[in-house]
Amino acid sequence: TYQHGSQTPPRIDMTSLLQGRRMRRNRRTDWSRRLVRENTLTVDDLIWPIFVVEGENQRVPVPSMPGVFRLSVDQLVRAAEDAAKLGIPLLSLFPYTDPSLRDETGSEALNDQNLVCRATRAIKAAVPNVGVMLDVALDPYTSHGHDGLLSGEEIVNDPTVEQLCRQALVQAEAGVDIIGPSDMMDGRIGAIRQTLDANGFERVQIMSYAAKYASAFYGPFRDAIGTSKTLVGDKRTYQMDPANSDEALHEAELDLAEGADMIMVKPGMPYLDILYRLKDTFKVPTYAYQVSGEYAMIEAAAANGWLDGERAMVESLMAFKRAGADGVLTYYAPRVAERLKAGL
Ligand code: PBG
């Protein structure tokens with residue numbers, strides 16, 4: 001028996017204290033832990049965000065996201081083939097637009113030969129069984145880095161929505177499967193739904209960035225698409241205040257009423273409470289975006305030997321499942337899919 005110095009341990013009656021319940025019993029062996037496991041992570045939960053760049057045979061590293069590259073369309077098609085082999089259901093594409101093509105109104109977003117439209121066509125031709133999602137928002141295309149149209153200092157809502165409808169239509173014509181409005185303008189889901197339906201694209205799904213917060217965790221993403229230096233001010237007049245939670249329910253309710261097929265919470269891990277509340281309230285397909293800054297934090301700590309990166313990756317993704325996510329947008333998608341294939 002175990003004793004500290006000369007002190008007599010108190011007499012504890014463990015049997016009556018525990019009433020026969022010992023939680024550790026189920027945790028003793030691997031098979032038992034598997035048997036009582038409540039949530040599982042599978043390849044069907046993964047959405048892979050990929051950055052696309054002009055050119056051929058390009059794999060341009062993103063310095064603030066070790067292991068993540070901007071891919072030219074030919075390389076992207078290879079990545080889509082890998083995704084198909086691994087069983088990853090959906091890719092989400094983000095363009096690095098050449099600065100010479102960016103302007104005040106983001107007109108390149110409406111060019112049916114823009115980078116993401118060509119990329120979508122190439123993937124759909126080569127790997128038709130992998131889903132493709134595109135962001136609807138103007139930030140990769142505007143000289144000021146905002147998601148909408150500027151009038152003076154203000155991002156004007158209704159003219160932006162019209163521009164977003166045109167952008168969505170161009171993407172639908174390129175063959176996109178899911179439209180992901182990430183701009184946070186009011187009324188854009190309904191307007192985009194109407195536009196798609198009126199043009200014969202009833203089949204195109206909408207995953208709304210329903211609760212998207214004005215977050216510091218998007219930093220590395222803005223490096224990747226080249227807006228971190230050009231962004232004028234911040235996005236607090238359209239993205240949500242990190243202090244708010246009920247407001248997320250209101251946002252999601254509106255998006256669903258306007259026709260969203262699926263909803264998303266973004267960022268991910270600091271907003272698990274929001275994810276839980278949305279799933280619990282609406283019971284619709286609900287996704288989390290493990291954003292660039294979350295990825296960068298884990299990778300930076302792992303590179304310093306401060307934590308086990310592989311375990312942190314899997315644990316962070318499992319946390320989304322536990323909180324109620326039907327899937328996760330994650331830069332880890334290919335890496336974790338490889339591990340799942342090997343049996344974790
Ligand atoms: C743009 C958009 C952003 C992200 C996805 N779409 C950044 C932003 O709103 O500034 C961030 C994704 C990430 O950080 O990984 N509308």
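Reader: Which residues of helix α6 are buried?

Author: A general point comes first: an α-helix has 3.6 residues a turn, so residues three or four places apart point the same way. In this predicted model, helix α6 spans residues 188-198, and its buried residues are Arg188, Ile189, Ala191, Ile192, Arg193, Thr195 and Leu196.

Reader: What do the buried residues of α6 pack against?

Author: They pack against three strands, β5 (131-136), β8 (178-181) and β9 (205-212). They also pack against the helices α5 and α8 (246-258).

Reader: Why does Thr195 count as buried?

Author: The cut-off is 20 or more other C-beta atoms within 10 Å. Thr195, which is found in helix α6, has 20 such atoms, so it is buried. Leaving aside neighbours within four places in sequence, Thr195 is in contact with Cys165, Ala168 and Leu169. The C-alpha atoms of Thr195 and Ala211 are separated by 23 Å, although these residues are 16 residues apart along the chain.

Reader: What follows just after α6?

Author: Gly200 comes there, with a positive phi of about 85°.

Reader: How many residues does the largest nonpolar core have?

Author: In soluble globular proteins, nonpolar side chains tend to be buried together. Here the largest nonpolar core has 97 residues. Those with the most contacts inside this core are Phe51, Val52, Leu91 and Ile192. Helix α5 (residues 157-173) gives the most to the core, with 7 residues.

Reader: Which residues is Leu91 in contact with?

Author: Neighbours within four places in sequence are left aside. Leu91 is then in contact with Trp48, Ile50, Ala80, Ala83, Val130, Gly131, Val132 and Met133.

Reader: Which residues does the "active site" annotation cover?

Author: The unreviewed UniProt entry gives Lys212 and Lys266 under that annotation. They are spread over 55 residues of sequence, yet they cluster in space, with a largest C-alpha distance of 4.9 Å.

Reader: Where is Lys212 found, and is Lys212 buried or exposed?

Author: Lys212 is found in strand β9. Lys212 counts as buried because 27 C-beta neighbours lie inside 10 Å. Beyond four places in sequence, Lys212 is in contact with Ser182, Met184, Gln239, Met240 and Lys266.

Reader: Where is Lys266 found, and is Lys266 buried or exposed?

Author: Strand β10 (residues 262-266) holds Lys266. Lys266 is buried, because 24 other C-beta atoms lie within 10 Å. With neighbours within four places in sequence left aside, the contacts of Lys266 are Tyr209, Lys212, Tyr213, Tyr289 and Val291.

Reader: Which residue does the "binding site" annotation cover?

Author: The annotation, again from an unreviewed UniProt entry, covers Glu251. Glu251 has its place in helix α8. With 22 C-beta neighbours inside 10 Å, Glu251 counts as buried. Not counting residues up to four places away in sequence, Glu251 touches Ala210 and Ala211.

Reader: Which residues are around the ligand?

Author: Around the ligand are Asp135, Ala137, Asp139, Asp147, Ser182, Tyr218, Phe221, Arg222, Val291 and Ser292. Among them, Ser182 is also a contact of Lys212, and Val291 is also a contact of Lys266.

Reader: How do the residues of this shell divide into nonpolar, polar and charged?

Author: The shell around the ligand has 4 nonpolar, 2 polar and 4 charged residues.

Definitions and conventions: Residues are numbered from 1 along each chain as its sequence is written. This is a predicted model: local features need pLDDT of at least 70, side-chain atom pairs count only at pLDDT 80 or more; totals for chains, interfaces and linings use all residues. A nonpolar core is a set of buried Ala, Val, Leu, Ile, Met, Phe, Trp, Tyr and Cys residues joined through C-beta atoms within 7 Å. A residue is buried if 20 or more other C-beta atoms lie within 10 Å of its own, exposed if 12 or fewer, and partly exposed in between; C-beta atoms are placed from the backbone. Helices (H or I, at least four residues) and strands (E, at least two) are DSSP runs, numbered from the N terminus. Two residues are in contact if their C-beta atoms, placed from the backbone, lie within 7 Å. UniProt positions are given in the numbering used here, feature names are shortened, and annotations may be inferred rather than shown by experiment. A residue is near a molecule or strand if its C-beta atom, placed from the backbone, lies within 6 Å of it. Ala, Val, Leu, Ile, Met, Phe, Trp, Tyr, Cys and Pro count as nonpolar, Asp, Glu, Lys and Arg as charged, and the others, Gly among them, as polar.
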